[in-house]
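Me: I would like to go through a structure that is new to me. Could we take it one topic at a time?

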Amino acid sequence: MESIMDTFTHMDTSQKVLYVMGGAVVAIVTVVGLRKLCFKETKAKRDYPRDTVIHHQIGRGPYAPSMTPFALKLETYLRMAKIPYQNVHGMEASSKGKFTWIEYNGQSVADSSLCIKFLNKKLGVDLNRNLSATDRGVAQAMHAMVEDHLYWFVGLFRWQFDNDKSLVMNAFKLSKFTFLMFQRVLKKQAWNQGLGRHTEEEVAEMFKKDLQSLSDFIGTKRFLMGDEPCETDCVVFGQLSQVYWHFIGTGHHNILKDKYPNLAAYCERMKETFWPDWDQCITHGGTREATK
Ligand SMILES: N[C@@H](CCC(=O)N[C@@H](CS)C(=O)NCC(=O)O)C(=O)O
């Protein structure tokens, strides 16, 4: 029996054009049809309760409730602010093409920080209300350091450098092909951001410098800005959780425990304070010790 390739090779040019055009029409009809089906399904599911935050995020993580620091940040904020919420786990990205995002009474908001800003305004929440103006400034600087600097190092160790990738491969159930696709996206983003142009050694140095700054700043305090947790603790915890619980195979898995024990204790404290149901929110179960 002739293969499709053989048939194609024996066609004249006009037949080939018709063949390719026919293929394109079938592909477009299939994609449109599938999108319609998915859209219908999504719409049908959107019968959400009022006055409840619908938190769209990817699935649960193996040793912390999310592999994305932004989802853990937002969910910790919802808990800290005692805002009723429901999680919807899936791969539906926000209008800005990123994870995590929310819907509230039919309104969609993209970007974890903008979600928090939206909810603060809508519900009159201010978890930084006890901070002085100076402390608010410092908290904002810490926010920028962990989300716009430290985050990239976490991503580079996780996706780019030549380490054991089994944690992400298993957590996201990736085939080699999908892993390479995700890796390509991260590499491109990190390159454009600039931090992805450094060597692994340079990145490791910068990564440690950020951790040292956080460790020095937190010192013996219970939370980032003092004895009471504030909004920025959600940001810091979201990022540090990835280093503390999800850094297996990177060569720095025990870095908080070994070099920055106050940051390890901080992670445990945030977990105990806001995540009493932690074990039900992770996929592998067990303690951090089991993740070695
Ligand atoms: N500023 C955003 C950042 C969100 C973000 O970068 N999420 C990552 C996952 S950790 C993502 O969606 N990456 C997929 C992509 O950029 O295509 C926020 O705070 O929500």
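**The pocket, the ligand and the cavity**

Reply: The largest pocket has a volume of about 860 Å³. Please note that this is a predicted model.

Me: How many residues line the largest pocket, and which lie nearest its centre?

Reply: The lining of the largest pocket consists of 29 residues. Nearest the centre are F70, K98, F99, Y151 and Q189.

Me: Which helices supply at least two residues each to that lining?

Reply: Those are α3 (69-80), α4 (112-123), α5 (133-160) and α7 (176-193). The largest share comes from α5, with eight residues.

Me: And how does the lining of the largest pocket divide into nonpolar, polar and charged residues?

Reply: There are 14 nonpolar, eight polar and seven charged residues in the lining of the largest pocket.

Me: Now the ligand. Where does it sit?

Reply: The ligand sits in the largest pocket.

Me: Which residues are around the ligand?

Reply: The residues around the ligand are T68, F70, K98, F99, D111, S112, Y151 and Q189. This shell divides into three nonpolar, three polar and two charged residues.

Me: Which atom of the ligand lies 2.8 Å from a polar side-chain atom of K98?

Reply: For K98, that is an oxygen atom of the ligand. D111 also has a polar side-chain atom 2.8 Å from the ligand, in this case from a nitrogen atom.

Me: What about S112: how far is its polar side-chain atom from an oxygen atom of the ligand?

Reply: The distance for S112 is 2.5 Å.

Me: How much of the ligand's accessible area does the protein cover?

Reply: On its own, the ligand has 510 Å² of accessible area, and the protein covers 76% of that.

Me: Changing topic: how many cavities of 30 Å³ or more does a search of the whole structure find?

Reply: The search finds one cavity of 30 Å³ or more. About 60 Å³ of space lies in the largest cavity.

Me: Which residues line the largest cavity?

Reply: Its lining is made up of F157, R158, D164, K165, L167, V168, I248 and T250. Two or more of the lining residues come from each of α5 and α6 (166-171).

Me: How does the lining of the largest cavity divide by residue type?

Reply: Four residues are nonpolar, one is polar and three are charged.

Conventions:
Residues are numbered from 1 along each chain as its sequence is written. This is a predicted model: local features need pLDDT of at least 70, side-chain atom pairs count only at pLDDT 80 or more; totals for chains, interfaces and linings use all residues. Side-chain values use heavy atoms; hydrogens and water are left out. A residue is near a molecule or strand if one of its heavy atoms lies within 4 Å of it. A polar contact is a pair of N or O atoms within 3.5 Å; within protein, one must be able to donate a hydrogen and the other to accept it, and residues adjacent in sequence count only if both atoms are side-chain atoms. Accessible areas come from the Shrake-Rupley method with a 1.4 Å probe; for residues, only the protein chains shown count as cover. On a 1 Å grid over the protein atoms alone, a cavity is a set of points where a 1.4 Å probe fits but cannot get out, and a pocket is an open set with protein on both sides within 12 Å along at least five of seven lines; lining residues have an atom within 4 Å of a point. A molecule sits in a cavity or pocket if more than half of its atoms lie within 2 Å of its grid points. Ala, Val, Leu, Ile, Met, Phe, Trp, Tyr, Cys and Pro count as nonpolar, Asp, Glu, Lys and Arg as charged, and the others, Gly among them, as polar. Grid points are joined across faces, edges and corners, and a volume is the space filled by probe spheres set on the points. Helices (H or I, at least four residues) and strands (E, at least two) are DSSP runs, numbered from the N terminus.
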